[in-house]
Every structure is written in C-alpha cells, then in structure tokens.
Amino acid sequence: MKATPYLLVLPALVLFAAIVIVPLVMTVALSFHDWGQYKGIEPVFILKNWREVLEDSYYWEVFGRTFRIAALVTVLSAVFGAPEAYILNRMKSPWRGLFLLVILGPLLISVVARTLGWALLFGGNSGLVNKGLMAAGLISAPIPFMFTETGMVVALTHVLMPYMVLSVWAALQRLDPQIENAAVALGAGPLTTLRRIVLPQAMPGILSGAIIVFSLAASAFATPAIIGGRRLKVASTLAYDEFLNTLNWPLGATVAVILLVVLATAVIVANRLVERRYAQVFG
Amino acid sequence: MSRNGPIALAYHTLFVIFMLAPIVVVCWVAFTPEGFLSFPTTNWSLRWFYAIARYPEFVSAFWQSLGLGALSSALAVGFSVPAALAIARHRFKGREAFTALFMSPLMIPYIVLGIAFLRFFTEIGLSGSFTGLVLAHIVVVMPFALRLTLASAAGLDRSIEHAAVSLGASEWTVLKRVTLPLVVPGLASGWALAFINSFDEVTMTVFIAGPGTATLPVRMFLYIQDNIDPLVTSVSACVIATTVGGLIALDRAYGLERLLVGRGHDGR
C-alpha cells in the first residue's frame with residue numbers, strides 16, 4: 001500500500017526526468033562548451049561564453065532592454081489591469097461572465113495572431129493607433145511603434161494583461177462587500193474606501209500578478225521578435241538568433257541559462273517577500 | 001453591492017476596446033479585396049481565405065497542429081490521471097516535490113525549454129521529428145492537464161467508492177466503473193485546455209519543428225518575420241475562429257471562470 005502513490009507517479013516522473021531534467025542539465029553543460037565557425041561544438045569545459053556575455057557591453061544592453069521592457073509592462077498592466085478587475089468584480093451576473101470571457105479569452109488566442117494585430121495597428125507612421133491618437137489631440141506627431149521598445153511594451157502589455165486581471169480578480173473574490181459598505185456607513189468617501197479598504201486587500205493579487213507578468217514579459221519571444229524586427233533584440237530573440245542563425249549554440253545556451261537563473265531568482269525572492277508581507281492574508 | 005459609476009463604465013469600455021482591437025483588426029484586414037494590407041469598408045472579399053488553399057504549407061501545418069495537439073494532450077491526460085490520483089488521495093514523502101516538478105514547465109521560460117529540447121533531441125536523433133514534437137508538447141501541456149485532473153480527483157466523493165467496495169466490487173471494478181466515470185468531465189476539460197495550449201504554442205516549438213513538421217503558429221511566425229500580407233491575416237483569422245469556438249464550447253461545458261481561476265485543486 002505504501003508503494004502505491006510512487007507507482008502512480010512513476011510514468012510521469014520518468015517522462016519528466018528524461019524530457020525536462022536531462023535536457024536542462026545538458027543546456028547548462030552546453031554553455032561551458034567551446035564553439036568555432038569551422039570546428040562546431042567542442043565538448044570541453046571553458047568559461048569563454050560566460051566571459052564573453054558578461055564582458056561585452058552589447059549583451060548588457062540586451063539584458064538591460066529585456067528587463068526594462070518587462071518592468072514597464074508589469075507596471076502598466078498593474079496600473080490598468082487592477083482597476084478593471086475591480087470594475088469586473090462589481091458587475092452583475094450575465095455581464096460579469098461575458099466580459100470575463102472577453103478579457104481572459106485572448107489569453108488562449110495564439111500570441112502570433114495577437115501580435116500580428118498590433119503590427120497592423122502600428123503599421124508605420126500612418127497606422128490606426130497614430131491616427132487615433134492624433135485625431136484625439138493626444139499627440140501632434142506620429143509615434144514610431146514598429147521596431148521600437150515602445151511598440152514592444154504596448155503589445156506585450158496587451159498580451160500579458162489577462163494574467164494581471166485574473167490574479168487581481170481572484171484576490172477580490174475573497175473581499176467581503178460588507179466591509180466596503182461598513183466603511184461607507186462609517187462616513188468614508190469613495191476614494192478613501194478604495195484606498196484604505198479595497199487596495200490593501202487587492203494588493204496580494206496585484207503583487208502575484210506582477211510576478212507572473214514580469215517573468216513572462218522578460219522571457220517573451222514571438223511578440224518582441226515580430227514588433228522588434230531583426231535588429232532590436234531582447235534576451236530571448238538573441239538566444240534564438242545564436243541557435244538558428246549564427247549556430248553558436250554554446251553562446252545561445254549561456255544567454256538562456258542567464259535568463260533562467262535571473263528570472264528564477266527574481267520570482268523566488270519576490271514570492272518570499274509577498275508571502276511574508278501577506279502571511280495573514282494567505283494563511 | 002454598489003454599482004459601477006459612469007467613469008468606471010467609460011474606463012471599462014476603453015479597456016475592452018484595447019483588449020479586442022488587435023484581434024478585430026486581424027479579422028477585419030483578412031476580408032480585404034485588395035492585394036495589399038488595407039481595411040475594407042465597402043468591398044468585402046473572401047479571396048484571401050480561398051488563397052490559403054493555394055499554400056499547401058499552411059494547410060498541412062494546420063493538420064500537423066491539430067494532430068499534434070490532440071495526441072500530446074491525450075497523452076498528457078494519460079500521464080496526469082495516475083499522478084493526480086496519487087497526489088490527491090495519498091499523503092506520501094515528496095508529494096509537494098512531485099507536484100512542483102510536474103508544474104515546472106509553467107515556471108521555466110518556454111525559450112529555455114525550446115533550447116533544451118533542441119539540444120537534447122539533436123543528441124538522440126529526434127530533432128525535427130514528429131515524435132520529438134509530441135514528447136515536448138506532452139511536457140509543456142502537462143501542467144494544464146494535471147491541474148484540471150487534480151481538481152476533479154480532489155473533488156471526488158470517496159464515500160461512493162466505499163459504497164461500491166462494501167457492495168462487493170473489486171478494486172479494479174471500482175476504478176473502472178466508479179472512479180474513472182466520475183473524473184471524465186475533468187479529464188475532458190483538461191484535454192481541451194491542454195489542446196488549446198498545444199495548438200497555440202510557438203516559442204518552444206519554433207526550435208524543434210523541422211521543415212516537414214512545422215506547426216501552424218510556427219509557419220505563421222516565420223512568414224510574418226519575412227513579410228506581412230493579407231494571406232497571413234486570413235490564416236490568423238481562421239486560427240482565432242477555431243480558438244474562439246473552442247473557448248465558447250469550454251465555457252459552456254466547464255465554465256471559463258472555473259477553468260482559468262481553478263478552484264478546489266491542490267493549491268496552497
């Protein structure tokens with residue numbers, strides 16, 4: 001009887017050991033191998049790739065851009081997504097389900113199709129977004145969106161927004177509307193209620209949403225590749241280039257391992273901080 | 001519960017427009033009668049949908065994606081069922097670690113998984129093969145399959161099984177006639193969610209798909225990298241229509257709230 005659970009997880013365990021753990025270990029090992037234009041990959045242990053990535057300012061620039069974009073996307077999705085989750089939560093039954101479907105549904109639509117939509121909307125200087133913004137008098141000259149960080153941030157915010165709404169919405173589900181009513185009954189204005197009652201309770205949701213959005217934004221591939229074009233690189237498109245165009249696999253593996261380590265560290269540290277800060281809420 | 005004021009509703013409208021705009025625009029441009037990208041207003045045409053038929057690589061990629069998604073999701077559910085039964089109803093050493101391991105593809109950036117799979121499959125001679133794609137997709141959709149399988153396994157009323165046992169059913173009969181039928185709705189939803197994720201996956205697949213095994217999103221991605229024309233918008237419109245159809249079916253069958261937020265599963 002004691003062996004039963006182990007027998008039950010065995011098939012999946014074997015699969016994951018063979019198809020996840022072994023390849024990941026091989027990738028880390030690959031980052032220490034040598035590579036040359038003519039000799040290909042040489043299975044030796046050297047620090048050449050790591051030194052190259054850590055010493056060349058080009059790679060610092062790419063990683064800087066990657067995390068700058070991820071940070072901006074995280075802030076934007078929190079600032080715009082959290083109020084929307086709150087509004088959704090206050091909606092009545094049929095509308096709430098409908099708009100939840102409308103806002104969360106894009107999550108399951110191919111990211112290539114969604115990014116294509118942004119490429120069409122940006123479409124050079126005469127794109128619909130610029131026309132709209134100029135007609136509304138918000139800008140006087142067209143903003144370049146294609147092949148810029150601005151465009152990447154807008155498109156990625158759209159792609160990842162559902163995760164933020166979802167996360168905040170889940171947190172708001174635990175909010176007792178009677179507390180809001182009590183605050184109002186005790187004479188608090190709507191802003192005070194929002195700031196002192198709703199926001200503190202939504203905060204765990206915003207923070208866990210931020211962790212998800214940040215790590216997905218920093219490792220996003222299709223959106224930066226399409227909006228950024230061939231020249232404006234982020235870490236993931238750089239790794240892709242090294243693997244499929246330059247064929248310098250060890251260097252590409254180094255970039256990928258750095259991305260993995262930085263993100264894993266950031267996520268674990270952030271999770272710890274959030275959990276410690278909100279121990280009462282989670283407990 | 002108080003209602004949303006006019007400012008809230010205006011904000012909500014803008015937000016929904018923002019979320020839908022790129023998707024609507026793709027479908028809109030797909031109906032252009034012109035040979036270039038334009039927004040049709042008076043003349044609508046299906047010429048770019050007919051044009052898809054002249055590009056066999058898109059058609060074969062579609063069938064490729066469909067087959068790959070169906071097979072890898074089914075296998076992922078197959079791997080999930082015993083694992084979910086173990087995790088949901090047994091307390092054993094390493095239980096949390098196993099759960100974390102099976103959920104780990106959600107934590108590892110897909111770009112890193114793609115690179116790792118490419119390296120691994122090249123070493124063992126599976127690079128670009130359908131077998132390789134299936135193995136990789138099983139792993140990547142496993143968290144979705146497992147989450148819903150776990151939810152239905154955890155929600156199982158054990159007293160029904162106890163009743164079957166006390167009525168003289170053998171352990172195998174209980175599994176076959178009582179337990180499995182009870183978890184089937186959860187399995188179907190898990191399969192569907194896994195299928196959608198497999199069908200849409202591009203980041204990891206772009207590394208391991210060969211010229212003969214490229215999936216539809218990979219073909220679309222590689223095509224867009226070179227040029228954007230109405231053809232790729234009509235292909236995307238078909239993909240969007242497929243996904244929306246699946247979504248609505250899933251929402252009816254299981255409830256999207258429940259599906260995406262998840263509840264009752266072995267969280268914290």
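Modeller: The buried residues of α5(B) are Tyr110(B), Ile111(B), Val112(B), Leu113(B), Gly114(B), Ile115(B), Ala116(B), Phe117(B), Leu118(B), Arg119(B), Phe120(B) and Phe121(B); buried requires 20 or more other C-beta atoms within 10 Å of a residue's own, with C-beta atoms placed from the backbone (12 or fewer is exposed, in between is partly exposed). This is a predicted model, in which local features need pLDDT of at least 70 and side-chain atom pairs count only at pLDDT 80 or more, while totals for chains, interfaces and linings use all residues. Residues are numbered from 1 along each chain as its sequence is written, and chains are lettered from A and ligands numbered from 1 in the order in which they are written.

Twelve of the 15 residues of α5(B) are buried, so the helix is largely enclosed by the rest of the structure. Helices here are DSSP runs of H or I with at least four residues, strands are runs of E with at least two, and both are numbered from the N terminus. After α5(B) comes Gly125(B), with a positive phi near 75°.

The buried residues of α5(B) pack against α1 (4–30), α11 (235–246) and α12 (249–277) of chain A, and against α6 (130–154) and α9 (205–208) of chain B. Contact means that the C-beta atoms of two residues, placed from the backbone, lie within 7 Å.

Of these partners, α11(A) packs on α5(B) at an angle of about 15°, with the axes 10 Å apart; axes are lines fitted to C-alpha atoms, for helices over the stretch in contact, and angles run from 0 to 180 degrees between N-to-C directions. α11(A) is therefore roughly parallel to α5(B), a term for angles under 35 degrees. The contact is formed by Ser236(A), Ala239(A) and Phe243(A) of α11(A) with Ile111(B), Ile115(B) and Leu118(B) of α5(B). Its residues comprise five nonpolar, one polar and no charged; Ala, Val, Leu, Ile, Met, Phe, Trp, Tyr, Cys and Pro count as nonpolar, Asp, Glu, Lys and Arg as charged, and the others, Gly among them, as polar.

For the chain pair as a whole, 68 residues of chain B are in contact with 65 residues of chain A. The side of chain B that touches chain A has 52 nonpolar, ten polar and six charged residues.

Terms used: Parallel < 35°, antiparallel > 145°, perpendicular 65-115°, else oblique.
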